[in-house]
Amino acid sequence: MFVTLDGGIALPIPAKVGTDPFTRPADVSDYRWKADKLDRWLKAYTHCLYSLPQAFGDPLHSALNNIGRNMLGVHDANIIALRFVGEMQLAGYLTLNHRNQRSADKLERIIQPTRKFLGLDLDYKKAPDTAMSMPKIVGEDYMPKAIIIRRGISSQDNKKAMQVVNDIAAEQFTVNQFIFDLMKKFPPDYESAEFKGEYMLKRTMASAEKLLGKTFKFTQFLDSRSRMYDATTAGISPQGADWEKALCLPVYSERLTGKGVTALMEAAHGYAEKDFDLMTMIEHAKYPDRHWDVWGIVDKPYCYMACANLLRMWVDDPDRPLPAFIPLDGRCSGLQHWSALTRSRAITAHLGMEANEDPQDIYEKCASDWEATLPEGEKQYATRKAAKIPVMTWGYNATRMTSMEHIDKLFGSRSKWCVDTKKFVEYKTGLERRKAGSLGCELYNQINETLRDLTNAVEWVSNAAVSIAEKGNADITWPTPDGFTCKQRKVKGEEVDLQIVLSNENVFTCGIMDFSKQRPAVAKHKSAIAPNVIHSLDATHLRMVARKLEAVGLPMIFVHDSFATHVNYRDTLYSIIVETFADLYGGDWLFYLRAYWQDKYKVELDMPPIQGDWDPESIKYLEKFFI
């Protein structure tokens, strides 16, 4: 028996599968269950088909969970996803390319599309909600009031702390027609190797077309650390890539004040990372075809052009209400939070946290420190761009590997997958991988040296997690200053083999990790706790800002450490940001955390590092804490 999917893909379904991977409802008869078999597999494979492009370039063992995620009516989505990949390979739509694992001495199989798959014209408007979750259309779709905490603690205290998330989710949007038309003419430029990006763009455009002319909202969820995320996967989102954000046009509009116009220009300059004058930006918006070679190469071209078009509309009619918003972003937010937590002055002058600000921002500072350690022939690699990602992510989840991979991506040779030869071929010369990795290691070491004062606090939190985990705790919890209880769960996994028999009678296997034994993973607890703690604190700051904006009736859009409101209220937003940040760090939170952990887990912990003399109140008088 076969099922036919979008694009004419015909895949066989198994006559027998051993244990049925689908969940049979109690009220369904045996006769009906057998009769619905083709429909079950059709729905499951359709889900897999529209989830598949996100897995291009990924190892099979990690892709299965992503392909099967959110599949309905099943108790073993991995088995269905594995069978789908195997049959797609047999049918010539995929190939599994072998490469060495970076962290182990063995091979892994990478999912790559063939020319046969690339020739398909998939209709993403037919994608099921399980594979592509759309925003909720106002007046048509139900907007759930209950905010989900994924893999976290759903307590009354947590529900109270996150009530403001409903206010954030109430913000309404439409599709920005100007950006939609612009993207059809000038789509984002992907490297030819990035098939995943190509298909994600198709998904974005299909979603935007479906939403044209409608008003919609984005449902939200919280993770176990209380960080807030957009629950949609449609490729259009205020939390997405440049073009995904630019496609989202807020409904809230006002006639621009003089300060509002200034703030809108500030937003445009921030997206472009170029100080174009007003008439130049208007010219870009009026005649994008003529100036593609200019606006197309700025840092965030589509968000920039969205601002430029709003400026054009303001010049044409100054009295017209406009949906113009400005984002204010933390200046390396993770390091700002660590600095405030420890009150260390080690790098505050590079983060907008001192009256006497250093001319070098923190990325330039780390790059300069790194450059001083390099021999003459390698100093050219120590740029702000090279240091930015490793420094930016240091306070959250950066590892030595993060730095190595970033330097390799920036300066290393690049290869692309050739669908004809089924091999990776070099298309850009650069450093050998070993050399790029060595430079990345040196950069990581230097960052830790520059951030030594903060490293002491990171080590204290990490060592505390080890003490807790070694007592048999798979879960470690902690409270945020606004009363949300966060949870970190780390358990040891064992590799087990999934095994199926394909339609050609060949056995197809894949090793996945089984975490069912619930044994605490001490090393994982140690490496994850510091970034998770700081994530919980920046999420607390976001909620504090949101509550203040809600109290004064202002619109709000949030992306973790990027807070936005209408341009007319730029100064109000900034004042709220600095006031709430100072309030958040008014005490010694690590000292309180030690007491909480000692009482809950009955462990004896060292005292946390003594706080420095940086004063949280001082940022209330600064102008560039968020920019």
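Q: So a pocket is an open set of points on a 1 Å grid over the protein atoms alone, where a 1.4 Å probe fits and protein lies on both sides within 12 Å along at least five of seven lines, and lining residues have an atom within 4 Å of a point. How many residues line the second largest pocket?
A: 35 residues line it, and Gln488, Lys490, Lys524, Ala528 and Asn532 lie nearest its centre. This is a predicted model, with local features needing pLDDT of at least 70 and side-chain atom pairs 80 or more, while lining totals use all residues. Numbering runs from 1 along each chain, and side-chain values use heavy atoms, without hydrogens or water.

Q: Which element gives the largest share of that lining?
A: H21, with 9 residues. Helix H19 (433–450), helix H20 (452–469) and strand E18 (485–489) also give two or more residues, as does helix H21 (522–551). Helices (at least four residues) and strands (at least two) are DSSP runs.

Q: And the lining by class?
A: There are 12 nonpolar, 13 polar and 10 charged residues.

Q: New topic: is Thr480 buried or exposed?
A: Thr480 is buried, at 4% relative accessible area; the cut-off is under 20% with a 1.4 Å probe. Thr480 sits in the loop between strand E17 (475–479) and E18.

Q: What does Thr480 touch?
A: Leaving out residues up to four places away in sequence, Thr480 touches Ser226, Cys486, Ser536, Thr540 and Arg543, where contact means heavy atoms within 4.5 Å.

Q: Which strands form the open sheet with E14?
A: E22 and E21: the order is E14-E22-E21, with antiparallel pairing (at least two DSSP bridges make a pair). The edge strands, E14 (325–329) and E21 (557–559), each pair on one side only.

Technical notes: Ala, Val, Leu, Ile, Met, Phe, Trp, Tyr, Cys and Pro count as nonpolar, Asp, Glu, Lys and Arg as charged, and the others, Gly among them, as polar. Buried means under 20% relative accessible area, exposed over 50%, partly exposed in between (1.4 Å probe, protein chains only).
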